[in-house]
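User: I would like to learn how to read the features of a structure one by one. Could you walk me through this one?

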Amino acid sequence: MQKFIRLPLHLAFILLIFLGFSLPARAQTIICLQTTIGDICMELLETEAPVTAQNFLAYVNQGSYRNSFFHLGVKGSPAYVQAGRYADTGAGDISALQEIFRRPAIGNESSIPNTRATVASVRDDPNDPNSVTSQYLINVTDNPALDDGSHTVFARIIGDGMVAVDLLASFPLVALNENGLSQVPVVGQEIPVFNSPRVLIFEATVFEGEACELEASGCDADGDGGADAGDGGDGGTGGGDGGGEPPTPGEGETLYEDAVCVDTNVGEFCMELLPDAAPETVENFLNYVTSGRYDDTLVHRSVPNFVIQAGGYRSNPLGTGIQRDGTVQNEFSLSNSRGTVAMARIGGQVNSATSEWFVNLVNNAQLDTVDGGFTVFARVISGMSVVDAIGNLPRTNQQNSLGNAFGELPLTDQDNDGIQADDLVLVHRVYVTDVIVDDSDNGTGGGDGGSGGGVTTTATYSAVLGTINLPVYINDTLYRVILARDTSQSGVVLRVDTTRIYYLADVGQETATMNLDSGILFVPSINVLGTIVTDVEFELVDFETLSFKLRSYSLAAD
């Protein structure tokens, strides 16, 4: 029996479309396809087509759809896109395409109509009604021609999943060979034609949470529940990176007043302060931030599946302690769950916290009961993948040379000339800013050991908003730029958000380059849900709006 193994992904870089799916009419199993043009989620119709739905779920659970791709596009009437037959091993030629493992065949069931946004089974042999295995199609239009008993509808696309499907349906079709690959949807046709970027399904998973969690408004019906940002105190006096009124949040975004961002040589992550939960601790933390004492410091401790810790030691002179204020009273009230930020303290001394803080890499409920609990005063709202990357770095014990605090020191690089500052996780600056940030990266980063875990990349991504946030040199100046997908354009077009361009200090991080004379935006690498895409090149198509269209890319490294 053929065994399907996970192989390197062959990705065309396309930004993920934000997940804003509506609540299904009934509590049903939800499957999400993570594709290179966005997540496509569907509700299984287990009552209407129980055998076909369970057959599809079995393929999902055994990982058969991993690295598969949409291999057929049919335009006109009927119109649909089809997947579930081939996987792409990334070998670079037609031999790289292999048929996925197939379970025993099933027959067709009585079916509801093939209307737009429904998902139906596909026979391996059109003349054999009992040859349904792994293939399926998504109806782009109402397709009554398929209601002849040959295609069992077993799922329906929910929420904004059809945004990605409609984009897929608009792509050109190319012929790779004559064996079922004569109408393959591709982002853009290249020569040789095999290099034309296909739309991959790099994972198919069962969504374990509540369906309402996929909605833009979350599970709070009136949209005003949860931890609303900026609702406590005036925070600090940092004032942000620019004057004037803060920008207006768009759909799927939240305005976090007095957010604090930590700019490291591994990447940047930002946190929302929680003054209602820990007012004295927040005030203490902001005193260090606004006085600049956290600038040019180190992440001096990393414990996998536990925490990363910073806020105590300078990078120059290496390992010297920062100037610390007096201790702050313990204010434990919130659990030390993944992504929360808490104060470090001396063991056994409840009210001994000064400047050092840590980010919880996992749910650390055990810290809630130690000597009155560790005080949570913030939560990561963007860049959790950066935190995970730091947590995945190799470590060294430097207690003999630097002191007892450096027994679990994370390394970005290790050579033969001893431990130098540029081998460590450097905190270039910590600053207060009124910014709009999304929380799509909170908890979805590379900490699960995926191919992107622990790897420094040029750009971060937003699965919710379909945006990337990257450092980019424009002429000789480094900026932090946000690029958003322009859904009104065909193909993959990104537009610079000119309202949110900030100067950025060069801390030795990998950067993109934008040459407005040649019209080329080059991004060395992008982390997409833990998968690395490299050598991504965009071409300027509209100077007035700074819009760039995908031009080329390279295969992801193994």
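Analyst: Gladly. Let us begin with burial: a residue counts as buried when its relative accessible area is under 20%. By that cut-off L546, at 15% relative accessibility, is buried. Please keep in mind that this is a predicted model.

User: Where is L546, and what is its phi?

Analyst: L546 sits in the loop between β32 (531–542) and β33 (547–554). As background, most residues other than glycine have a negative phi. L546 has a positive phi, near 50°, and is a residue other than glycine.

User: And which value does phi take at A117?

Analyst: Phi of A117 is near 75°, again a positive value in a residue other than glycine. This alanine belongs to the loop between β7 (97–99) and β8 (118–123). Is A117 buried or exposed? With a relative accessible area of 15%, A117 is buried, because the cut-off is under 20%.

User: How should I read peptide bonds?

Analyst: The general idea is that most peptide bonds are trans. Here, a cis peptide bond joins S77 and P78, with omega about 0°. P78 is placed in the loop between β4 (72–74) and β5 (80–83). Another cis bond runs from N316 to P317, where omega is near -5°. P317 lies in the loop between β17 (307–315) and β18 (318–321).

User: Let us turn to disulfides. How many does a search of the whole structure find?

Analyst: A disulfide is a covalent bond between the sulfur atoms of two cysteines. The search of the whole structure finds two disulfides. One of them joins C32 to C41, with an S to S distance of 2.0 Å. C261 and C270 form a disulfide as well, with their sulfur atoms 2.2 Å apart.

User: Why is the disulfide of C32 and C41 called right-handed?

Analyst: The torsion about its S-S bond is about 105°, so the disulfide of C32 and C41 is right-handed. The link of C261 and C270 is right-handed too, with 100° about the S-S bond.

User: Are these cysteines buried or exposed?

Analyst: C32 counts as buried at 6% relative accessibility, and C41 counts as buried at 0%. Both C261 and C270 are buried.

User: Now a helix, please. What can I check in α3?

Analyst: You can check its span and then its burial pattern. Helix α3 (residues 279–290) has 12 residues and reaches 16 Å from its first C-alpha to its last, close to the 16 Å expected at 1.5 Å a residue. For the pattern, recall that an α-helix has 3.6 residues a turn, so residues three or four places apart point the same way. In α3, the buried residues are T281, V282, N284, F285, L286, Y288 and V289. You can look for that spacing among them yourself in the view above.

User: Which residue with a positive phi follows α3?

Analyst: G292 follows α3, and its phi is positive, near 80°.

User: How do I read a strand and its partners?

Analyst: In a regular strand the side chains alternate between the two faces of the sheet. Take strand β10 (residues 153–157), which is mostly covered: four of its five residues are buried. Strand β2 (residues 38–44) runs antiparallel to β10 and is joined to it by three bridges. There, E43 stands opposite R156 in β10. β8 is likewise antiparallel to β10, with three bridges between them, and V119 stands opposite A155 in β10.

User: To finish, which side chain is joined to that of E272?

Analyst: The side chain of R379 is joined to that of E272 by a polar contact of 2.7 Å. R379 lies in strand β21 (residues 376–382). Applying the cut-off we began with, R379 is buried, because its relative accessible area of 18% is under 20%.

Key: Residues numbered from 1 in each chain as written. Predicted model: local features only at pLDDT ≥ 70, side-chain atom pairs only at ≥ 80, totals over all residues. Heavy atoms only, no water. Helix = DSSP H or I, 4+ residues; strand = E, 2+ residues; numbered from the N terminus. Buried < 20%, exposed > 50% of the residue type's maximum accessible area, 1.4 Å probe, protein only. Polar contact = N/O pair within 3.5 Å; in protein donor to acceptor, adjacent residues only side chain to side chain. Expected span 1.5 Å × (residues − 1). Pairing = 2+ DSSP bridges. Disulfide = S-S within 2.5 Å.
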